[in-house]
Amino acid sequence: MSCMSVAQPVEVDRDVVDFAIVGKWMEEQGLPGGEFEEVTPLGGGTQNIMLRFVRGGRTYVLRRGPKHLRPKSNEVIKREARLLGALNGTDVKAPRVIAAAPDESLIGVYFYLMEPIEGFNPQTELPALHAGDAEIRRRMGLSAVEAIARLGSVDYKEIGLESYGKPEGFLERQVPRWMAELESYAGNEGYPGPQIPGIEKVGEWLDRNRPAEWTPGILHGDCHLANIMFSYDGPQVAALVDWEMSTIGDPLLDLGWQIATRPEPGTTGAALIGKLGAAGGLPTAAEMVEHYGEFSTRDLSAVDWYTVLACFKLGIVLEGTHARAFAGKAPKQTGDFLHAITLELFERARQLMA
């Protein structure tokens with residue numbers, strides 16, 4: 001969802017979307033009828049399928065899982081639609097859901113319709129306005145911070161998301177959960193194991209210094225700048241996208257995540273943010289924390305802890321692709337690239353622990 005690049009209109013296989021069935025269902029939802037026009041695939045940061053089309057004078061984006069479904073594809077899309085639908089009436093910058101399928105029986109997969117997002121992904125595109133002005137880029141970073149602060153301030157119970165996650169013990173679960181994930185990578189043939197200096201010490205430090213008190217809220221879970229779309233006419237966030245890792249947890253992990261993934265010039269990690277990472281000019285970590293505090297009443301004294309946790313968690317997530325590359329399940333070049341970022345993340349964590 002993060003990269004809304006547009007191709008020429010194409011014919012869509014019926015096994016991807018049966019528009020005859022979708023059209024009838026749309027009319028049952030009270031949406032205007034007519035021909036499906038300008039059907040266009042949108043590129044994204046995931047393998048999930050998005051199709052933009054016009055019907056009855058209104059533009060929609062249909063989102064569903066990949067053509068070859070993964071085990072949890074339908075569940076992921078259904079959760080995403082539930083969350084985004086609940087956020088419709090808030091000031092959170094997120095895609096707006098128009099209607100969602102009741103289940104996967106209609107076309108064989110779960111899907112939903114949302115309003116199109118007018119914006120760009122800074123990983124793959126940087127308009128002249130943004131590329132030519134460092135202050136615009138600094139304000140882009142601050143707008144991203146504001147977006148997650150506003151998300152974390154939403155009363156999730158009030159908008160019907162009380163059962164969306166399990167906040168009890170969320171922080172306590174993090175280290176064992178992700179160490180177990182790392183251990184599972186041993187199932188990839190040829191993987192020599194995680195050659196990540198000091199990983200056990202980072203985990204021990206996180207357990208030893210874990211905040212005793214925190215307030216649950218909505219957590220995006222993967223809110224780096226490549227998963228955010230920005231307005232073409234200024235630095236404002238157009239929408240937070242790619243909500244697959246969202247849950248009810250500690251929203252300060254989103255702040256730590258943005259700080260941990262802030263592109264540092266000359267690092268491999270900067271390439272993860274693409275064009276914006278190469279351009280630089282983003283706010284410092286201190287500026288990000290200060291700006292977050294303007295939109296939140298949360299205690300920010302343990303931000304370093306959340307940043308270390310973000311480095312730990314994201315580093316292990318990226319290491320998964322490195323492990324799969326040894327087994328031929330991912331390109332070696334991609335695996336090596338992400339492993340280099342993992343090493344940088346753990347180095348950053350150790351510096352914060354010092």
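Contact here means heavy atoms within 4.5 Å. Helices (H or I, at least four residues) and strands (E, at least two) are DSSP runs, numbered from the N terminus. This is a predicted model, in which local features need pLDDT of at least 70 and side-chain atom pairs count only at pLDDT 80 or more, while totals for chains, interfaces and linings use all residues. Residues are numbered from 1 along each chain as its sequence is written, and side-chain values use heavy atoms, without hydrogens and water.

**Helix pair α6 and α10**
- In α6, I199, V202, G203, W205 and L206 meet W305, V308, L309, F312 and I316 of α10.
- By class, this contact of α6 with α10 comprises nine nonpolar residues, one polar residue and no charged residues; Gly counts among the polar ones.
- The axes of α6 (residues 199-208) and α10 (residues 303-326) come within 10 Å and cross at roughly 140 degrees.

**The sheet**
- An open sheet is formed by five strands with antiparallel pairing, in the order β1-β2-β3-β5-β4; two strands pair if DSSP finds at least two bridges between them.
- β1 (37-41) and β4 (97-100) stand at the edges with a single partner strand each, so one side of each has no neighbour in the sheet.
- β4 pairs with β5 (residues 111-114) in the antiparallel sense over three bridges, and the bridge partner of A99 in β5 is L113.

**Helices on the sheet**
- Helix α1 (residues 19-28) lies across β1, β2 (49-55), β3 (58-64), β4 and β5.
- Helix α2 (residues 73-87) packs on the sheet and touches β3, β4 and β5.

Conventions
Axes fitted to C-alpha atoms, helices over the stretch in contact; angles between N-to-C directions.
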